[in-house]
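Subject: Structure handover

Hello,

Here is the structure I promised you. Please open it first, then read my notes beside it.

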Amino acid sequence: IYIVDSAGGQVFRLVEECAGDATSYCTSSVNSAGPGSVISVLGSLSVSDNDFTVAETGGIPDQFGLFFYGPNQISLPWGDGIRCVGGGIFRLGPAAMTDNFGNYTRPVDFTQPPADAGPGEITGGVTWNFQFWYRDPAGPGGSGFNSSDAIAVTFCP
């Protein structure tokens, strides 16, 4: 909606405030370092702001991990944990090392693949589910890997 000030000659545009949402779901499994890995989001949920970051805490220190996302929520045994994200899955690669506390953050650039085009495109009004996969060589189940809980994020324009 535009408002025109005919006396002052100015044009104003009303812009809807971002009404995005981020909701955690799925349960994190214990790992060799403690109670398990938890995912969260930082920054704006507005695609046009392009300052969205996914964060993970409670993973295994100094191990490889990566974030991935997909359109569906599922619950399947996977490694020493549960895979909570289903459908066509997109990696936010490359894989990187967690820090010496087992934490990792990754900015998501909405202008770069896979977030900018095709089936993995992240747009306003769409909900994507995010999860973190990480190596856990000494994990309680012996599979060598585990995963965080998951978070459903509804983005706004």
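Let's start at one residue. S6 sits in the loop between β1 and β2 (10-13). Its relative accessible area is 72%, so S6 is exposed. Now find W128. S6 and W128 lie 122 residues apart in sequence. In space, their C-alpha atoms are 44 Å apart. Keep in mind that this is a predicted model.

**The whole chain**

How many helices and strands does the chain have? It has zero helices and twelve strands. Read along the sequence, the pattern is β-β-β-β-β-β-β-β-β-β-β-β. The C-alpha atoms fill a box of roughly 75 × 30 × 25 Å along the principal axes. The chain has 157 residues, and 39% of them count as buried.

Go back towards the start of the chain. Strand β1 covers residues 2-5, and I3 is found in it. Is I3 buried, exposed or partly exposed? Its relative accessibility is 42%, so I3 counts as partly exposed.

Next, the sheets. A reminder before you trace them: strands of a sheet pair through backbone hydrogen bonds, either parallel or antiparallel.

Five strands form an open sheet in the order β3-β12-β11-β6-β9. The pairing is antiparallel. Which strands stand at the edges? They are β3 (21-25) and β9 (90-97). Each has a single partner strand, so one side of each is left without a neighbour in the sheet. From one strand to the next, the twist averages 20 degrees.

Now walk through the pairs. Start with β6, which covers residues 64-70. Five bridges join β6 to β9. Here F67 has L92 in β9 as its bridge partner. Six bridges join β6 to β11, and these two strands run antiparallel. Look for Y69: its bridge partner in β11 is F130.

Then move on to β11 itself, residues 127-136. Seven of its ten residues are buried, so β11 is largely enclosed by the rest of the structure. β11 also pairs with β12 (residues 144-154), over nine bridges and in the antiparallel sense. In that pairing, N129 stands opposite A152 in β12.

One more reminder while you look at these strands. In a regular strand the side chains alternate between the two faces of the sheet.

**The three-stranded sheet**

Another open sheet has three strands, in the order β4-β5-β10. Its pairing is antiparallel. The edge strands are β4 and β10 (104-108), and each pairs on one side only. Neighbouring strands of this sheet are turned by 20 degrees against each other on average, direction ignored. β4 and β5 (residues 52-57) are joined by five bridges. Find I39 there: it stands opposite E56 in β5.

**The hairpin**

Strands β7 and β8 form a hairpin, with two residues between them. In the turn, G79 has a positive phi of about 60 degrees. Strand β7 covers residues 72-78, and five bridges join it to β8. The two strands run antiparallel. W78 has G81 in β8 as its bridge partner.

**The disulfide**

Stay with β8 for the last stop. A disulfide is a covalent bond between the sulfur atoms of two cysteines. How many does a search of the whole structure find? It finds one disulfide. C26 is joined to C84, with an S to S distance of 1.7 Å. The pair links distant parts of the chain, 58 residues apart. C26 is in the loop between β3 and β4 (38-42), while C84 is in strand β8 (residues 81-86).

Which hand does the disulfide have? The torsion about the S-S bond is about -65 degrees, so the disulfide is left-handed. The two cysteines also have their own accessibility values. C26 is at 26% relative accessibility, so it counts as partly exposed. C84 has a relative accessible area of 0%, so it is buried. The cut-off for buried is under 20% relative accessible area.

Best wishes

Terms used: Residues numbered from 1 in each chain as written. Predicted model: local features only at pLDDT ≥ 70, side-chain atom pairs only at ≥ 80, totals over all residues. Heavy atoms only, no water. Helix = DSSP H or I, 4+ residues; strand = E, 2+ residues; numbered from the N terminus. Buried < 20%, exposed > 50% of the residue type's maximum accessible area, 1.4 Å probe, protein only. Pairing = 2+ DSSP bridges. Axes fitted to C-alpha atoms, helices over the stretch in contact; angles between N-to-C directions. Disulfide = S-S within 2.5 Å.
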